[in-house]
Amino acid sequence: MDYFNLKGKNVVAVGGAGGIGQAIAQGFVEAGANVIIASRKEESLKRAQEEIKAATGIAPDYLTVDAVNEDSVKALVEASVAKLGKVDVLLCCQGLNKKFPAQDFPMDVYEQVLNVNVLGVMCCCKHFGKHMMENKYGKIVILSSTRGKVATKAPGNAAYAATKGAVDMLVRQLASEYGPYGITVNALGPTVTETPMMTAVIEQRGGDAYRKSLADDLPMRRMAVPEDCVGTALFLAAPASDFVTGNIIYPDGGLTAVR
Ligand SMILES: NC(=O)c1ccc[n+]([C@@H]2O[C@H](COP(=O)([O-])OP(=O)(O)OC[C@H]3O[C@@H](n4cnc5c(N)ncnc54)[C@H](OP(=O)(O)O)[C@@H]3O)[C@@H](O)[C@H]2O)c1
């Protein structure tokens with residue numbers, strides 16, 4: 001068996017123009033997969049497409065989707081199948097992080113975070129899962145977070161942490177329901193990574209001094225970068241992980257080992 005061969009696999013990366021999603025999408029392009037990146041904003045998708053082409057010589061396709069809208073997700077599945085024939089790998093790299101102290105959390109914002117991080121992920125897993133069931137094969141890889149497992153001393157994560165805990169249980173439940181159809185479902189749990197999601201938070205919390213404190217906290221003594229997630233995502237989509245399902249793997253520089 002060629003344990004890490006992803007050549008010719010058909011991959012849809014929702015959130016594939018985001019900080020971590022783009023790095024992962026590029027990793028799949030480099031591994032020889034056929035990749036479609038998808039999210040709401042066409043200008044972000046075009047930018048990511050151009051940057052991936054500049055880095056690899058290959059431009060991934062893109063499609064727009066709003067993952068919290070079920071009709072939009074159904075249309076994404078149909079359009080992806082029309083382009084690729086079938087989808088082997090779903091990457092859910094979308095996400096939203098809004099921080100307020102719990103006692104002041106605006107409930108409309110709370111609902112928005114729940115919608116993007118839980119409902120939107122479920123909606124993608126539901127409709128791509130249904131398609132994969134027909135093929136009796138699939139790999140679903142979801143971006144969770146260390147925040148699904150470990151809380152923060154600093155206030156702010158009452159929405160985000162709750163959604164990532166929910167994602168972790170969703171992974172286990174979907175692994176159970178989809179396993180009989182040859183579909184694995186797993187997640188990655190990264191730690192704080194400097195992406196568009198986190199730059200403002202890092203600046204608000206002290207910029208370089210905060211970056212240094214994040215690095216000092218980790219056994220690996222450096223901050224995470226988006227590329228730290230790529231190897232784990234490739235593993236969870238490759239034949240090497242065919243008997244791995246319902247798991248959360250932490251490319252977190254050791255954070256969960258020392259907390
Ligand atoms: N950065 C971190 O420190 C960190 C740590 C642990 C886990 N994570 C997780 O890793 C994942 C990626 O985070 P990131 O840092 O790369 O964030 P990011 O740079 O903000 O990217 C998030 C992406 O999600 C897409 N998105 C948001 N709402 C969407 C929707 N309704 N439908 C479709 N796409 C949607 C956005 O694209 P559009 O705006 O074009 O829709 C964007 O490209 C998230 O699940 C995040 O929770 C991040």
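Two strands pair if DSSP finds at least two bridges between them. The exercises below apply this to a predicted model.

**Exercise 1. How many bridges join S5 to S6, and in which sense do the two strands run?**

Solution. Step 1: count the bridges. Six bridges join S5 to S6, and the cut-off for pairing is at least two. Step 2: read the sense, which is parallel. Step 3: locate partners. Gly 138 stands opposite Ile 183 in S6, and Lys 139 stands opposite Thr 184 in S6. Step 4: follow the connection. From S5 the chain passes through H5 to reach S6, a β-α-β crossover that is right-handed.

**Exercise 2. Find the order of the strands in the open sheet, and state which strands stand at the edges.**

Solution. Step 1: take the inventory. The chain has nine helices and seven strands. Step 2: collect the pairs.

- S1 and S2 (residues 34-39) pair in the parallel sense over five bridges; Asn 10 stands opposite Asn 34 in S2.
- S4 and S5 run parallel and are joined by four bridges; Val 89 stands opposite Lys 139 in S5.
- S6 and S7 (residues 248-249) pair in the parallel sense over two bridges; Ala 187 stands opposite Ile 248 in S7.

Step 1: write the order. The open sheet of seven strands reads S3-S2-S1-S4-S5-S6-S7, with parallel pairing. Step 4: inspect the ends. S3 (61-64) and S7 each have a single partner strand, so one side of each is left without a neighbour in the sheet.

**Exercise 3. Are the residues of S5 and S6 buried or exposed, and what does this say about the two strands?**

Solution. A residue is buried if 20 or more other C-beta atoms lie within 10 Å of its own. Step 2: separate the faces. In a regular strand the side chains alternate between the two faces of the sheet. Step 3: apply this to S5. Gly 138, Ile 140 and Ile 142 are buried on one side, and Lys 139, Val 141 and Leu 143 are buried on the other. Step 4: apply it to S6. One side holds the buried residues Ile 183, Val 185 and Ala 187, and the other holds Thr 184, Asn 186 and Leu 188, also buried. Step 5: conclude. Six of the six residues of S5 are buried, so S5 is largely enclosed by the rest of the structure. For S6 the count is also six of the six, so S6 is largely enclosed by the rest of the structure.

**Exercise 4. Where do Lys 136 and Arg 221 lie, and are they buried or exposed?**

Solution. Step 1: read the backbone angle. Phi of Lys 136 is near 55°, a positive value in a residue other than glycine. Arg 221 also has a positive phi, near 55°. Step 2: locate both. Lys 136 lies in the loop between H4 and S5, while Arg 221 is in the loop between H7 (208-217) and H8 (230-237). Step 3: classify. Exposed means 12 or fewer C-beta neighbours. Lys 136 has 10 inside 10 Å and therefore counts as exposed. Arg 221 has 10 inside 10 Å and therefore counts as exposed.

**Exercise 5. What radius of gyration does the chain have, and what would a compact globule have?**

Solution. Step 1: for 259 residues, a compact globule would have a value near 18 Å. Step 2: the chain has 17 Å, which agrees. Along its principal axes the C-alpha trace spans about 50 × 35 × 35 Å. Buried residues make up 44% of the 259 residues.

Definitions and conventions. Residues are numbered from 1 along each chain as its sequence is written. This is a predicted model: local features need pLDDT of at least 70, side-chain atom pairs count only at pLDDT 80 or more; totals for chains, interfaces and linings use all residues. The radius of gyration is taken over C-alpha atoms; the globule rule is 2.2 Å times the number of residues to the power 0.38. A crossover is right-handed if, with the strands pointing away from the viewer, the path from the first strand over the helix to the second runs clockwise.
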